[in-house]
Amino acid sequence: MSEPRRRVPFLRLAWRNAHRSIRRTALTASAVMVAAAAVVFGRGYVRGALGNISDTFWRTETGHVRVRREGFTARERSLPAHLSIPGGVALARDLARLPGVRAALPRIRAFALVDGAGANRGGLLLGLDLALEADFWRPQGMLVAGRLPVPGRAEALVGEGIARKLGVGVGDSLTLLGQTSFRSLGGLRVAVAGLARSGMTFLDNAMLIVPLDQAQAMLDLAGGATEVLVFAADADQADVVLARVQEAVRGRIPGGAEVKAWWQQSQLMRLLASSDAMMAIVWGLLLLMSGLVVVNTMLMAVMERTREFGTQAALGMRRGDVVRLVVEEGAVIGALGGAVGAAIGSAITLFLGSTGIDFSAYSRAMALPFSPVVYPAWTWVDALGSVALGTLAAGLAALVPARRAARLQPAEALRT
Amino acid sequence: MTVIRTAAGVVAVVAALSWVGPSAAQVTAREVLERLDANMTIRTARSRAELVVHYRDGDDRTMTFESWDRGTDQSFLEFTAPERDAGSRFLRLGDAMWIFLPRVGKSVRIQGHMLRQGFMGSDFSYGDASENPSMAADYDAVIERRDTVEGRQVMVLALTARRPNLSYPRRRVWVDVERWVPLREERFAASGRLLKTAAFSDVRRLADRWYPFRIELDDALQTETTTTLRVLELRLGVSLPADIFTLRHLEGGR
């Protein structure tokens with residue numbers, strides 16, 4: 001006849017045991033707490049930083065899908081206007097009507113010699129449809145002096161770095177020279193309408209934004225563009241939009257089209273697209289480290305409580321019950337540490353998410369290709385997930401001391 | 001400066017004494033350079049030339065221009081065709097160069113980064129066109145060997161710059177030892193990397209000089225193109241307007 005199953009209040013016992021040595025419990029919990037806080041903040045920071053990089057690249061370089069004439073990218077060092085998209089403006093209008101497309105923007109990107117106040121240097125000429133670009137390139141947000149150029153007028157928004165080097169300010173004139181679509185020399189004399197700061201050194205030291213029509217006139221590109229950037233209504237649907245754009249441009253660009261999604265356009269973009277898997281390894285290692293602390297402190301606890309486990313075994317407590325008790329004790333401590341850590345991590349993430357972390361000083365030195373202010377992005381999933389993972393990691397780590405406690409022989413344990 | 005030198009920036013250009021001087025066997029490398037330099041000192045010249053840029057995809061772009069030169073330091077050049085390039089002008093005074101485009105309406109001095117850009121999209125750079133080194137004063141030379149090019153006896157000289165900031169710290173020139181005209185040239189960076197190769201042909205006698213009327217240049221760093229400069233007409237000893245080599249003239253036209 002089997003003995004009836006006893007109801008052991010494991011969780012309550014685990015909770016009570018956790019209080020028996022506050023210092024040890026605090027030490028164990030603090031390891032989980034630090035790990036949980038690091039996971040919440042770290043994930044929020046990485047999400048914010050990667051989002052910043054992706055957003056910057058999407059807006060300024062790649063779109064979600066970018067259309068260029070075949071061969072333009074291979075000659076990106078010279079940005080040759082003769083490899084432009086004839087009728088690029090009309091093409092952009094058609095692409096904007098595709099399902100799932102939020103916007104399609106014709107842009108001109110070319111090298112220019114910029115002459116002003118007696119000095120000259122190389123610059124990056126950007127011909128933009130300033131009305132369409134308000135939510136994408138966001139020139140308004142970069143404005144630090146003056147105003148935006150007006151379409152139809154020979155005016156430029158000039159990066160403050162290149163403006164400083166040329167010795168020009170708002171109201172001054174600049175002369176731009178560049179190679180036209182016929183590969184001859186084109187020029188444009190513009191008034192500096194405003195100064196811009198993107199926070200990205202390489203842009204601020206080179207960019208000259210002029211209305212699209214002015215860049216077209218300078219480079220003999222009437223109605224044309226050197227690229228069309230397509231933005232999906234939902235960034236996660238970029239692959240669907242890619243297929244639609246590929247279909248839509250087929251046969252429309254002489255010499256062939258190069259249509260690429262953002263993650264196909266650079267090593268960095270490919271790296272970003274695979275960043276989740278890489279970061280999962282980092283978070284896993286962090287939890288493993290906290291688990292090792294839990295193993296250590298709980299082993300100490302088990303050693304100290306050898307007589308107690310011997311007594312419990314002598315009173316008929318099964319080995320499985322001992323394992324469960326110790327594991328749940330670890331899980332309770334893990335949950336405590338995880339909750340406090342998640343709260344701390346959340347507070348830090350939310351605070352810095354509102355103020356931003358400004359890396360301007362470093363970005364100037366390192367010429368980072370993204371906005372220098374990173375806004376960590378907090379999510380419920382990170383906070384609750386780190387509590388759950390902390391609980392799980394501590395519980396799993398407690399298996400090692402639990403098995404040791406379960407192997408104790410009652411008589412031997414009572415003699416110690 | 002001749003049109004050849006103006007547009008091409010050909011340093012080893014050209015011209016040699018019509019009289020046969022000391023025999024080639026007796027000439028030192030330095031004397032060869034001095035002869036080339038001596039031939040560059042043309043009092044005045046007026047010329048018309050064609051610049052053809054050949055693209056790898058099979059296209060050619062042809063531009064024509066006229067040039068006025070005084071000595072080696074003053075040059076004025078104006079494109080006459082095609083229509084979209086007509087009126088583009090260049091003024092060179094010593095090592096300084098200015099460009100004027102009609103639709104910009106203002107002259108711009110070409111310096112820094114722009115000097116390395118292709119002159120009107122050709123393989124000649126603006127630096128080639130503006131730099132005017134004295135071969136004997138700016139380069140040390142050694143005779144590497146004797147050779148033949150297109151059936152003509154040549155002396156191959158290796159040149160090393162004697163002052164910094166020259167576009168080409170090292171050169172190798174194949175000099176026709178009968179007409180004292182360069183027939184081939186290689187231009188190198190300080191690292192020894194080949195930057196440009198030039199071939200000179202259609203050598204004609206003009207008064208007491210020999211000139212190559214055709215130069216083919218290949219910029220090794222610009223793989224899409226090669227360029228041919230063909231002199232259509234060259235007149236020496238012409239009288240020039242007094243103010244032709246001025247910024248005012250550059251911006252105001254002839």
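**Figure 1. Helices H2 and H14 of chain A.** In this predicted model, helix H2 (residues 22–62) of chain A and helix H14 (residues 380–397) of chain A have axes that come within 9 Å and cross at roughly 145°. The crossing of H2(A) and H14(A) is right-handed. On the side of H2(A), the contact is made by Val32(A), Ala35(A), Ala36(A), Val39(A), Val40(A), Arg43(A) and Gly44(A), while H14(A) contributes Asp382(A), Ala383(A), Ser386(A), Val387(A), Gly390(A), Ala393(A) and Ala394(A). Sorted by class, the residues of this contact between H2(A) and H14(A) are 9 nonpolar, 3 polar and 2 charged.

**Figure 2. Helices H2 and H12 of chain A.** Two packed helices are described by the angle between their axes and by the distance between those axes. For H2(A) and helix H12 (residues 319–355) of chain A, the angle is about 35° and the axes are 6 Å apart. The crossing in which H2(A) passes H12(A) is right-handed. The contact of H2(A) with H12(A) holds 18 nonpolar and 13 polar residues, with no charged residues.

**Figure 3. The surroundings of Arg147 in chain A.** Arg147(A) is found in the loop that lies between strand E4 (143–146) and strand E5 (155–159) of chain A. Is this residue buried or exposed, given its C-beta neighbours inside 10 Å? Arg147(A) counts as exposed because it has 12 C-beta neighbours inside 10 Å, and a residue with 12 or fewer is placed in that class. When neighbours within four places in sequence are left aside, Arg147(A) is in contact with Ala193(A) and Gly194(A). Arg147(A) and Ala196(A) are 49 residues apart along the chain, and their C-alpha atoms are separated by 9.4 Å.

**Figure 4. The side of chain A that touches chain B.** Where the two chains meet, 15 residues of chain A are in contact with 17 residues of chain B. On chain A, strand E2 (101–116), strand E3 (119–128), strand E6 (173–179) and strand E7 (185–196) each supply at least two residues of the side that touches chain B. The largest share of that side of chain A, 4 residues, comes from E7(A). Divided by class, the side of chain A that touches chain B has 5 nonpolar, 6 polar and 4 charged residues.

**Figure 5. The domains and outline of chain A.** The domain assignment of chain A gives domain 1 (10–56 + 273–415), which is written as two stretches of sequence, and domain 2 (71–255). Taken over C-alpha atoms, the centres of domain 1 and domain 2 of chain A are separated by 49 Å. The C-alpha trace of chain A spans about 100 × 45 × 30 Å along its principal axes. Chain A has a radius of gyration of 31 Å, whereas a compact globule of 416 residues would have one near 22 Å.

**Figure 6. The make-up of chain A and chain B.** Chain A contains 16 helices and 12 strands, and chain B contains 5 helices and 13 strands. Of the 416 residues in chain A, 49% are buried, and of the 254 residues of chain B, 43% count as buried. Among contacts in chain A with a separation of 6 or more, residues 24 or more positions apart account for 82%. For contacts in chain B with a separation of 6 or more, residues 24 or more positions apart account for 53%.

Terms used: Residues are numbered from 1 along each chain as its sequence is written. Chains are lettered from A and ligands numbered from 1 in the order in which they are written. This is a predicted model: local features need pLDDT of at least 70, side-chain atom pairs count only at pLDDT 80 or more; totals for chains, interfaces and linings use all residues. Two residues are in contact if their C-beta atoms, placed from the backbone, lie within 7 Å. Ala, Val, Leu, Ile, Met, Phe, Trp, Tyr, Cys and Pro count as nonpolar, Asp, Glu, Lys and Arg as charged, and the others, Gly among them, as polar. Domain bounds come from an automatic or database domain assignment. A residue is buried if 20 or more other C-beta atoms lie within 10 Å of its own, exposed if 12 or fewer, and partly exposed in between; C-beta atoms are placed from the backbone. Axes are lines fitted to C-alpha atoms, for helices over the stretch in contact, and angles run from 0 to 180 degrees between N-to-C directions. A crossing is left-handed if the near helix is turned anticlockwise from the far one by less than a right angle, and right-handed if clockwise. The radius of gyration is taken over C-alpha atoms; the globule rule is 2.2 Å times the number of residues to the power 0.38.
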